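Colleague: I'm new to this one. Can you walk me through it?

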Amino acid sequence: MDLVSEVLRSFVLHSWSVIRFPFDPANRIYFLYLATSALFAYAVFRRQARAGRTGKRASFLRFLFPAHVWSHPSAWLDLRYFFFHQLIGHFLLLGLGAASTSYAFEWFSGGVGIIDAATSSEAGGAAGLGMAVGFMFVATLVVDFVAYVIHYLQHKVPVLWQFHKVHHSAEVMHPLSNYREHPIDNLVYAAVIGGSYGLVAVAAYKLLGYIPTMPMLLGVPLLMLAFNLAGYNLRHSHVWLRWPGVWSKIFPSPAHHHVHHSCHPDHFDKNFAFMFPVWDVLFGTYVVPEDNRDVVFGIHDKKSAAEMNSCVKLYFVPFRDAWRLLKRRYGRRMVGALARVRVRNR
């Protein structure tokens, strides 16, 4: 009974944390991030209005909440799936990222606990601040590169794609579309990125003798806060916002991620980076056109997309498809191997 009570208590606390997402700076739909995204959207609206592309009777409210998005079943599936996945999938994966960081740090540090290392004395003054800022940039770059590699593999490895296609199956997008993710995707990111951060922390500890505390505001590292404030929620939306010129290759724009979600042939397997488009530029996966005339959200396999029309199917269709894929690939090899054994035994 004690175990059941503890699980129920943990579930209630987790559920409350989900309800508080708009008031938690650590979450993407924090009200301030939504507000700054709305400001960027207003700038786009005014620019389109001046160019005569919004119609005489258009209002900003209609621009921000267009009927073609909110009348689409995909938009409402995202809303239902947000609560379904956050309350079930994320509850089951609770603490995985932190555990991966902790285990990686302890393993490579020779048995030192990350909490003990983090609470040891730090350098003060300008030197300490410089270390903290440097650690923030290095840790963010490393983790973002690891995320780029994972994201690339999710598109290139057929079995991983079966799970990642859940995120791409949205045919229209709004901020909650960001949370249309399969738990296997969440598990991979939490384990690998958590471990990667642990390795960066170990390197800092070995080099400096302590783990610098990143500069924070609202409890969020400054670099991540800036990323979230810079129109983050427009990445999953209908609002096309592209930074001008070369800036689009340096700073992540919503347009960069729109192209990644597009099923147009020119956009397949492009723009894998999360925070720094420079990874796409370096590895030849960068594409951001001047406008969004060819951007169409969704996946090319319309049959598979049509199947994933409920919360339960978003969970279980990928498992079925991954099993079928593995069965076709390795089943043939098994048949071939058995045939060769029979031939040798004759």
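Modeller: First a term: Ala, Val, Leu, Ile, Met, Phe, Trp, Tyr, Cys and Pro count as nonpolar, Asp, Glu, Lys and Arg as charged, and the others, Gly among them, as polar. This is a predicted model, where local features need pLDDT of at least 70, side-chain atom pairs count only at pLDDT 80 or more, and totals for chains, interfaces and linings use all residues. Residues are numbered from 1 along each chain as its sequence is written, and side-chain values use heavy atoms, with hydrogens and water left out.

Colleague: What classes line the largest pocket?

Modeller: The lining has 25 nonpolar, 19 polar and six charged residues. A pocket here is an open set of points on a 1 Å grid over the protein atoms alone, where a 1.4 Å probe fits, with protein on both sides within 12 Å along at least five of seven lines; lining residues have an atom within 4 Å of a point.

Colleague: Which lining residues lie nearest its centre?

Modeller: Ala26, Arg28, Tyr189, Ile193 and Met224.

Colleague: And which element gives the largest share of the lining?

Modeller: That's α10, with seven residues. Helices (H or I, at least four residues) and strands (E, at least two) are DSSP runs, numbered from the N terminus.

Colleague: New topic. Where is Tyr148?

Modeller: Tyr148 sits in helix α8, residues 125–156.

Colleague: Buried or exposed?

Modeller: Buried, at 4% relative accessible area. The cut-offs are under 20% for buried, over 50% for exposed, and partly exposed in between (1.4 Å probe, protein chains only).

Colleague: What does Tyr148 contact, beyond neighbours within four places in sequence?

Modeller: Phe272, Ala273, Trp279, Asp280, Phe283 and Thr285. Contact means heavy atoms within 4.5 Å.

Colleague: How far apart are Tyr148 and Trp279?

Modeller: They are 131 residues apart in sequence and 7.3 Å apart in space, C-alpha to C-alpha.
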